[in-house]
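Here are some questions and answers for someone new to this structure. Each answer sets a value against the definition of the term.

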Amino acid sequence: MTTGKGLRGVAVALAAALALAGCGGGEKAGSDGPANLRMTIWSANEAHLKLFNEIADEYKKGHPDVGTITFDPLPFDSYTTTLTTQIAGGNAPDLAWIFENSAPDFVASGALRPLDDTLKSTEGYGYDDLSPATRKLWQNDGKLYAYPFSTSPFGIFVNTDLLKKAGQKTPAELIAAGQWTWDAALAAASASQAKTGKAGLVIRDFDYKGWDNLSTFWTGWDARAWSEDGKTCGFNAPEMVDAMTTLHKAIFTDKALPGPGTTADFFAGDAAMTVTQISRASLLKDGGFGWDLVPLPAGPKGNYAVIGQAGIGVLKKSPHAKAAADFLAFLTNPTNSAKLARFFPPPRQSLLTAETLAKTNPKLKPEQLQKVVIDGITSGVVKPSHAGQAELSQQVRAGLDPLWQPNADVKAVLEGVCAKIQPLLAK
């Protein structure tokens, strides 16, 4: 378990790195040779990198002042920590992918270069096509500090072959009958595990560490990690206690989800269902197994959607910040946004139609894109984010550790989480 001293160290390191990145720096006057740009990203997926590199190659054809454009994948689990370590060590990238949970810290720190002037002045860019709702998390004092690159609702990928083998109705059949609820989903997952030996349902990227991914589950109970103003802990609220009690039973009694220390990769055929985003569709292999993509099940409070959002920002300390901002404008122009929409739902209102998205998402049906992506963006809530997220996140993770035992007192554990984080929220 991480100590309190260690937790404070993480938060201090993040704050120090961002403060350093926000101080001075920028373009080096009279620098010789072409600008070599580096952008950190979370994904090492071959299909993602291939598309990024194709767009970069196209950009370089018309920009001899730019030499190389490198996309630098960092491990997902330690992405933000690694990025801020690079910044603090004087090795900041020119552009960086930023997760929603660290957006408040990056946006308020002064570490990022404002993008409004560059994007608005780029011919044919169509800045006003960017949905105002998607820009909100990345703005401060009316300025845009990161482009809302991917606004991606969570859905459930389904291995229909496994469910049928277990004698279970598919989610599509349950949806048609008006019965697609978490109770039904967990029951099907439990039965599938019992009858096939494969995992039932996996909340991808949770693995008993990435707790904010559980918001894809507890939001169905109208539970929240903290109040909308960010000042009051929500983990001990009745809605959260109910949601986490259901989850705990599903893990330890019904075996609907793999327990701690057990991994199962849906895309390798090891699980009946997984909660994730459409960017993972690239992991599906032709001829592997029958599959579907459906919205999150209804919770006790009805239908809902949860959105993960990522921005791309230009580091103010970059020696080539102007060139980096210009490349970002090219990367996210209407033409390239349409290409990237295959994996990363764009903020452009003109592209958010099932027909448009289907052109670049050949694996997904227009109906799937409409119900999961477009309807999700329209109605969804963003995963938890808060200033000082590094320390908050570590404290929540440490506070939840006792929950992942068969005989845990759910309510007492959640009270303990609030005891840990309420002083931080009240700052």
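Q: How do you know where the axes of helix H2 and helix H12 come together, and at what angle they cross?
A: In this predicted model, the axes of H2 (residues 46-61) and H12 (residues 321-331) come within 10 Å and cross at roughly 115°. Axes are lines fitted to C-alpha atoms, for helices over the stretch in contact, and angles run from 0 to 180 degrees between N-to-C directions. Helices are DSSP runs (H or I, at least four residues) and strands likewise (E, at least two), numbered from the N terminus. The crossing of H2 and H12 is right-handed, a term used if the near helix is turned clockwise from the far one by less than a right angle.

Q: What makes residues of H2 and H12 count as meeting?
A: Contact means heavy atoms within 4.5 Å. On the H2 side these are Phe 52, Ile 55, Ala 56, Glu 58 and Tyr 59, and on the H12 side Ala 323, Asp 326, Phe 327, Phe 330 and Leu 331. By class, this contact of H2 with H12 has eight nonpolar, no polar and two charged residues. Ala, Val, Leu, Ile, Met, Phe, Trp, Tyr, Cys and Pro count as nonpolar, Asp, Glu, Lys and Arg as charged, and the others, Gly among them, as polar.

Q: Why is H16 called roughly antiparallel to H17?
A: The axes of H16 (residues 389-400) and H17 (residues 410-425) come within 8 Å and cross at roughly 165°. Angles over 145 degrees count as roughly antiparallel, so H16 is roughly antiparallel to H17. Their crossing is right-handed, and the contact residues divide into 10 nonpolar, two polar and two charged.

Q: What makes a space a cavity, and how many of 30 Å³ or more does the structure hold?
A: On a 1 Å grid over the protein atoms alone, a cavity is a set of points where a 1.4 Å probe fits but cannot get out. The structure holds one of 30 Å³ or more. The largest cavity has a volume of about 50 Å³, volume being the space filled by probe spheres set on the points. Lining residues have an atom within 4 Å of a point; those of the largest cavity include Tyr 147, Phe 149 and Leu 331. That lining divides into eight nonpolar, two polar and no charged residues.

Q: How are residues numbered, and which confidence limits apply?
A: Residues are numbered from 1 along each chain as its sequence is written. Local features need pLDDT of at least 70, side-chain atom pairs count only at pLDDT 80 or more, totals for chains, interfaces and linings use all residues, and side-chain values use heavy atoms, with hydrogens and water left out.

How values were computed: Parallel < 35°, antiparallel > 145°, perpendicular 65-115°, else oblique. 1 Å grid on protein atoms, 1.4 Å probe; cavity = no way out; pocket = protein on both sides within 12 Å on 5 of 7 lines; lining within 4 Å.
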